[in-house]
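Let's take a walk through this fold together, one element at a time.

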Amino acid sequence: MLTIDQATRDAIIAHARRDHPDEACGVVAGAIGSDLPTRFVPMLNAAMSPTFYEFDSGDLLKLYREMDDNDEEPVIIYHSHTATEAFPSRTDINLAGEPGAHYVLVSTRDGAHEGGPVDFRSFRITGGEVTEEEVRVVDSYANGTATEQKAEH
């Protein structure tokens with residue numbers, strides 16, 4: 001299960017809407033082993049494409065150095081789909097290289113980019129296998145745990 005605070009969820013959705021019609025992408029880092037996404041890092045889609053995303057290699061190297069310096073890891077790797085459902089494509093599955101990460105997809109199709117409801121889903125992708133997981137949205141994290149739980153489907 002992915003536990004995410006409301007502010008980070010909102011920031012991912014805002015980024016996906018802002019970059020539409022191109023796919024948005026980014027990472028939410030957290031302390032190693034915590035499984036808590038705490039540092040939102042929107043990235044540039046170097047492909048600048050409505051059907052594909054690619055992290056800028058220089059930005060990605062910089063991010064991984066920062067995470068290493070801060071004892072962090074990528075807890076969430078996210079991107080948007082602009083015309084299809086929020087489900088990993090074959091390309092997404094083939095590129096998934098962080099087996100411990102939650103892969104979040106946001107669909108901005110059907111007016112979602114203009115403020116309509118978005119499809120926000122999380123998956124684990126390991127060895128080519130995709131498993132959808134529950135998303136639990138909380139108000140905040142306190143002492144490394146989630147507080148003030150809200151139901152989310």
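Ala-29 has Arg-39 of β3 as its bridge partner. Strand β2 (residues 25–31) and β3 pair in the antiparallel sense over 5 bridges, where pairing requires that DSSP finds at least two bridges between the strands. Helices (H or I, at least four residues) and strands (E, at least two) are DSSP runs, numbered from the N terminus. This is a predicted model: local features need pLDDT of at least 70 and side-chain atom pairs pLDDT 80 or more, while totals for chains, interfaces and linings use all residues. Residues are numbered from 1 along each chain as its sequence is written, and side-chain values use heavy atoms, without hydrogens or water.

Now step back to the whole sheet. It is open, has 6 strands in the order β3-β2-β4-β5-β6-β7, and its pairing is mixed. Because β3 (39–43) and β7 (129–133) stand at the edges with a single partner strand each, one side of each has no neighbour in the sheet. From one strand to the next, the twist averages 30 degrees.

Which strands does helix α1 touch? Helix α1 (residues 6–19) packs on the sheet in contact (heavy atoms within 4.5 Å) with β2, β3, β4 (72–81), β5 (102–107) and β6 (119–126). Its direction makes about 5 degrees with that of β3; axes are lines fitted to C-alpha atoms, for helices over the stretch in contact, and angles run from 0 to 180 degrees between N-to-C directions.

Helix α2 (residues 57–69) lies across β2, β3 and β4, running at about 170 degrees to β3. After α2 comes Asp-71, with a positive phi near 55 degrees.

Technical notes: Expected span 1.5 Å × (residues − 1).
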